Amino acid sequence: MTEPTPAGWYPDPESPGQQRYWDGNAWTENFAPGGAAPVPSASAAKKPIYKRAWFIVVAVLIGL
């Protein structure tokens with residue numbers, strides 16, 4: 001048995017270039033412009049270690 005598709009915005013199967021809200025059971029009448037929203041990857045959202053706040057604080061404390 002397959003898992004049900006979770007509620008959310010998805011590309012509208014009837015109108016390319018639009019999004020439509022799936023409530024978990026059926027399509028609603030809610031539309032939004034645009035295609036599928038990009039899903040950020042975990043690696044793209046991660047900052048390099050030297051740009052993280054905790055690393056900067058530790059480096060400053062060690063430097064004193």
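Modeller: Accessible areas here come from the Shrake-Rupley method with a 1.4 Å probe; for residues, only the protein chains shown count as cover. By that method the protein has an accessible surface of about 5500 Å², and 64% of it belongs to carbon and sulfur atoms. This is a predicted model, where local features need pLDDT of at least 70, side-chain atom pairs count only at pLDDT 80 or more, and totals for chains, interfaces and linings use all residues. Residues are numbered from 1 along each chain as its sequence is written, and side-chain values use heavy atoms, with hydrogens and water left out.

Colleague: What is the mean pLDDT of the protein?

Modeller: The mean is 78, and 80% of the residues reach 70 or more. The scale is the predictor's confidence in each residue, from 0 to 100.

Colleague: How many helices and strands does the protein have?

Modeller: Two helices and three strands. Their order along the sequence is β-β-β-α-α. The names rest on DSSP runs: helices are H or I with at least four residues, strands are E with at least two, numbered from the N terminus.

Colleague: What makes β2 and β3 a pair?

Modeller: Two strands pair if DSSP finds at least two bridges between them. Strand β2 (residues 18-22) and strand β3 (residues 27-33) have four bridges, so they pass, and they run antiparallel. Glutamine 18 stands opposite proline 33 in β3, and arginine 20 opposite phenylalanine 31. The two strands form a hairpin with four residues between them, and glycine 24 in the turn has a positive phi of about 105 degrees.

Colleague: How many bridges join β1 to β2?

Modeller: Four, and these strands run antiparallel. Glycine 8 has tryptophan 22 as its bridge partner in β2, while tryptophan 9 has tyrosine 21. This hairpin has six residues between its strands, with glycine 17 in the turn at a positive phi of about 90 degrees.

Colleague: Why is arginine 20 called buried?

Modeller: Buried means under 20% relative accessible area, exposed over 50%, and partly exposed in between (1.4 Å probe, protein chains only). Arginine 20 has 9%, so it counts as buried. Buried residues make up 11% of the 64 residues.

Colleague: What does the side chain of arginine 20 reach?

Modeller: The backbone oxygen of threonine 28, at 2.8 Å. A polar contact is a pair of N or O atoms within 3.5 Å; within protein, one must be able to donate a hydrogen and the other to accept it, and residues adjacent in sequence count only if both atoms are side-chain atoms. Arginine 20 lies in strand β2. Beyond its neighbours within four places in sequence, its contacts (heavy atoms within 4.5 Å) include Trp9, Asp12, Glu14 and Phe31.

Colleague: How many aromatic pairs does the structure hold?

Modeller: Three. One of them joins tryptophan 9 and tyrosine 21, with ring centres 5.3 Å apart and planes at 70 degrees, so the pair is edge-to-face.

Colleague: Which cut-offs apply to rings that pair?

Modeller: Rings of Phe, Tyr and Trp (its six-membered ring) pair if their centres lie within 6.5 Å; planes under 30 degrees apart are stacked, over 60 edge-to-face, and the rest tilted. Tryptophan 9 lies in strand β1 (residues 8-11) and tyrosine 21 in strand β2, so the pair ties together parts that are 12 residues apart in sequence.

Colleague: Why is tyrosine 50 called exposed?

Modeller: Its relative accessible area is 52%, so tyrosine 50 counts as exposed. Tyrosine 50 is in the loop between α1 and α2 (53-63). Not counting residues up to four places away in sequence, tyrosine 50 touches Phe55 and Ile56.
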